[in-house]
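Here is a set of questions and answers about how labels are given to parts of a structure. Each answer sets a value against a rule and then concludes.

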Amino acid sequence: MSLSTPGSQNRARGRFAAHSSPPPVSLPRALSKFGFCSRRLAEVLIESGRVRVDGRVVRSASVRVDPQRAVICVDGRRLVSAAKVYLLLNKPRGLLTTYGDPQGRKTVYDCLAGHDLPFLAPVGRLDCASEGLLLMTNDTRWAHRLLDPASNVDKVYHVQIDRTPDEALLTGLREGAVHDGERLAAKSVAPLRVGERNAWLEVVLSEGRNRQIRRMMALNGAEVLRLVRVAVGGLRLGDVRKGAFRHLTDAERACLAAGGRTDSIRRSPTAGRAENGRETFSAERLLQRAVATSSIRSDTGRDHLRMPTDGGVALGRHLI
């Protein structure tokens with residue numbers, strides 16, 4: 001029987017290392033790696049006696065197994081490894097990035113309902129109020145490489161705040177501050193669109209901490225109105241509509257796993273462009289004019305740059 005208990009883990013590690021085999025994993029993780037369910041649901045199945053390993057019922061989630069050798073069955077059906085799946089989902093605002101919610105609120109898995117997919121886990125998280133690019137996969141090794149800070153995979157966000165930015169705000173975001181024992185700083189920050197009472201900023205993070213951008217903004221006297229992740233590494237959200245997803249290409253997967261860079265990511269072609277098309281300013285010029293006049297106006301006297309009527313911002317061909 002391909003089981004090991006916590007007391008035998010050290011001996012097992014030595015044996016597996018000697019044979020160049022992967023070390024055993026917890027039974028809940030094994031079910032997750034098979035693409036069957038989340039670890040939390042796996043624990044419930046195990047405790048209820050619905051999981052067998054090599055013919056024996058296992059009720060302890062601490063038991064460790066070798067998924068490549070053990071015969072694991074749930075409700076009498078043997079689990080086999082699912083094909084690796086890699087998705088880019090455009091997460092709508094208001095959905096939780098979790099498999100299940102005790103309060104019955106909608107989650108990102110509602111976007112996957114009705115599709116023939118194995119269980120997929122999110123690569124990182126977007127909080128309920130945030131939206132945009134969310135990667136999902138059943139390839140845990142690939143996901144861990146992306147989440148490892150050493151991989152240097154940048155994340156790019158378009159953030160609407162409740163004020164016009166000045167140099168003090170931008171400097172504070174770039175230099176960072178310590179909050180709850182964590183150093184919070186942006187790799188880069190630049191204005192995208194500036195209005196009379198609010199603005200959109202492009203914020204790049206090299207590593208993400210829990211609610212990092214919202215915490216950074218609060219520390220610098222700004223409130224986040226909307227937060228959209230538009231890119232991870234060289235992978236852009238593009239024109240994937242809200243609540244929809246697409247499969248990654250082989251080249252995209254390899255680029256991200258190798259630490260894909262954001263150098264090729266272009267800003268929105270509409271950022272900094274007058275509605276009447278007469279003038280186009282750089283982000284720096286927009287900031288200078290906003291600070292100097294507190295309002296950017298066109299030749300006609302109307303607001304020169306206005307947010308779209310639904311409060312969104314154009315991201316290439318995709319309107320968020």
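Q: What makes a space in this predicted model count as a cavity?
A: A cavity is a set of grid points where a 1.4 Å probe fits but cannot get out, and in this predicted model the count comes to one cavity of 30 Å³ or more. Lining the largest cavity are Gly172, Leu173, Gly176, Ala177, Leu184, Met216, Leu219 and Asn220, with helices H5 and H6 each supplying at least two residues of that lining.

Q: Why is helix H6 called largely enclosed?
A: A residue is buried when its relative accessible area is under 20%, and because six of the eight residues of H6 (residues 212–219) are buried, the helix is largely enclosed by the rest of the structure. The buried residues are Gln212, Ile213, Arg214, Arg215, Met216 and Met217, and what covers them includes helix H5 and strand S11.

Q: What makes Tyr99 and Tyr109 an edge-to-face pair?
A: Ring centres must lie within 6.5 Å and the planes must be over 60 degrees apart; for Tyr99 and Tyr109 the values are 5.0 Å and 75 degrees, so the pair is edge-to-face.

Q: Is Tyr99 buried, exposed or partly exposed, and how do you know that?
A: The relative accessible area of Tyr99 is 42%, which lies between the cut-offs of 20% and 50%, so Tyr99 is partly exposed. Tyr109, by contrast, has 14% relative accessibility and therefore counts as buried.

How values were computed: Residues numbered from 1 in each chain as written. Predicted model: local features only at pLDDT ≥ 70, side-chain atom pairs only at ≥ 80, totals over all residues. Heavy atoms only, no water. Buried < 20%, exposed > 50% of the residue type's maximum accessible area, 1.4 Å probe, protein only. Helix = DSSP H or I, 4+ residues; strand = E, 2+ residues; numbered from the N terminus. Contact = heavy atoms within 4.5 Å. 1 Å grid on protein atoms, 1.4 Å probe; cavity = no way out; pocket = protein on both sides within 12 Å on 5 of 7 lines; lining within 4 Å. Points joined across faces, edges and corners; volume = space filled by probe spheres on them. Phe/Tyr/Trp six-rings, centres within 6.5 Å; stacked < 30°, edge-to-face > 60°.
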